[in-house]
Amino acid sequence: MVQKMIKAAALAGFVLTAASAAFATPVSYTEVGDAGDIVTGAVQTVTGAAGSAVTSIKGSLTATAGITDGDAFKIYISAPSAFSASTTGFTPGRNSFDSELFLFNLDGTGIVMNDDDPAGTGEQSSIAAGNAFTDGLSAGYYYLLITGQGMNPTSAGGLIFPSWTDGTTDPTGLYGPNPGASAITGFGGNSNEGGAYSIALSGVSIAPAVGTVPEPGTLGLGLTAGLMLLALVRRRHGKPDAQ
Ligand SMILES: [Ca+2]
Ligand SMILES: [Ca+2]
Ligand SMILES: [Ca+2]
């Protein structure tokens, strides 16, 4: 009887522990104040409960005598092959401008960018899952940058990405960094585009807390919780330990 109770209590504790991680509420992050652009101001780290999926980032690019505002967010890409970022899901009052999306390594070197959605839905931007630039990435932290069209990241090695204003580049492509490009140092040009945005995300989450799921330690935690529960039950019922 006691052994059955131990097993049941241990199982309950384990299920509770596993469930809390598996069913964490998805995070829709909202910019606090104004996020920096990697070069100027502080990049904002997307925060929430450890292990939660991050489904969107909402914020705004503000016009001040021409728009020179870029917003960068530090995101944890947990599933690189599933990673996508898109402003194409227009909702009234959001994404009603010509955006650009960029993904950077934390050292400021470029990975991929898109100006206009490759699927041809308009001037909003989309980095779709399964592209050659993000498929081979390791899970970890990256910078996601949004600008209005016309703000082009530059480096000591020149423009980091092709610019559609070169007269030959199709703005609907996905582009990796130009040969010779190095870490971002600033922007060439500014933009007349801006406003409120919502970036839909997949393959992004809040990084799991160190030492938790799915490590074997989780089992130990569940077992401990279960045994504590059992001890409580037995104390309440005043039953002596069965030997
Ligand atoms: Ca902003
Ligand atoms: Ca900004
Ligand atoms: Ca665009």
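**View 1. The three-stranded sheet around β10.** The open sheet has the order β11-β10-β13 with antiparallel pairing, where helices (H or I, at least four residues) and strands (E, at least two) are DSSP runs numbered from the N terminus, and two strands pair if DSSP finds at least two bridges between them. Its edges are formed by β11 (158–159) and β13 (184–188), each of which pairs on one side only.

**View 2. Strand β6 and its two partners.** Strand β6 (residues 99–104) is mostly covered, six of its six residues being buried; a residue is buried if 20 or more other C-beta atoms lie within 10 Å of its own, exposed if 12 or fewer, and partly exposed in between, with C-beta atoms placed from the backbone. In a regular strand the side chains alternate between the two faces of the sheet. In β6, S99, L101 and L103 point one way and E100, F102 and F104 the other way, and all are buried. Strand β9 (residues 140–148) runs antiparallel to β6 and is joined to it by six bridges, with F102 opposite L145 in β9. Strand β7 (residues 110–114) also pairs with β6 in the antiparallel sense, over four bridges, and here the bridge partner of L101 is N114. The strands β6 and β7 form a hairpin with five residues between them, and G108 in the turn has a positive phi of about 90 degrees.

**View 3. The five-stranded sheet.** The strand order of this open sheet is β1-β3-β14-β5-β8, and its pairing is mixed. Because β1 (27–30) and β8 (126–127) stand at the edges with a single partner strand each, one side of each is left without a neighbour in the sheet. Strand β5 (residues 84–86) runs antiparallel to strand β14 (residues 195–202), and three bridges join them; A85 has L201 in β14 as its bridge partner.

**View 4. The largest nonpolar core.** This core has 36 residues, and those with the most contacts inside it are V54, I75, F104, L144 and L145; a nonpolar core is a set of buried Ala, Val, Leu, Ile, Met, Phe, Trp, Tyr and Cys residues joined through C-beta atoms within 7 Å. Two or more residues each come from β1, β3 (54–61), β4 (70–77), β6, β7, β9 and β14, and β9 gives the largest share, five residues. Not counting residues up to four places away in sequence, I75 touches V46, V54, Y142, L144 and V204, a contact being a pair of residues whose C-beta atoms, placed from the backbone, lie within 7 Å.

**View 5. Two loop residues with positive phi.** Most residues other than glycine have a negative phi. I38, which is not a glycine, has a positive phi of about 85 degrees and lies in the loop between β1 and β2 (44–45). I38 counts as buried because 24 other C-beta atoms lie within 10 Å. N95, in the loop between β5 and β6, is likewise a residue other than glycine with a positive phi, near 60 degrees, and N95 is buried because it has 22 C-beta neighbours inside 10 Å.

View 6. V210 is found in the loop between β15 (204–205) and α2 (217–237), and it is exposed because 7 other C-beta atoms lie within 10 Å. V210 and A50 are 160 residues apart in sequence and 9.3 Å apart in space, C-alpha to C-alpha. The pLDDT, the predictor's confidence in each residue from 0 to 100, has a mean of 84 for the protein, with 77% of residues at 70 or more. It stays under 50 over residues 9–19 and over residues 215–227. Where pLDDT is low, the predicted coordinates should not be read in detail.

Methods:
Residues are numbered from 1 along each chain as its sequence is written. Chains are lettered from A and ligands numbered from 1 in the order in which they are written. This is a predicted model: local features need pLDDT of at least 70, side-chain atom pairs count only at pLDDT 80 or more; totals for chains, interfaces and linings use all residues. Two residues are in contact if their C-beta atoms, placed from the backbone, lie within 7 Å.
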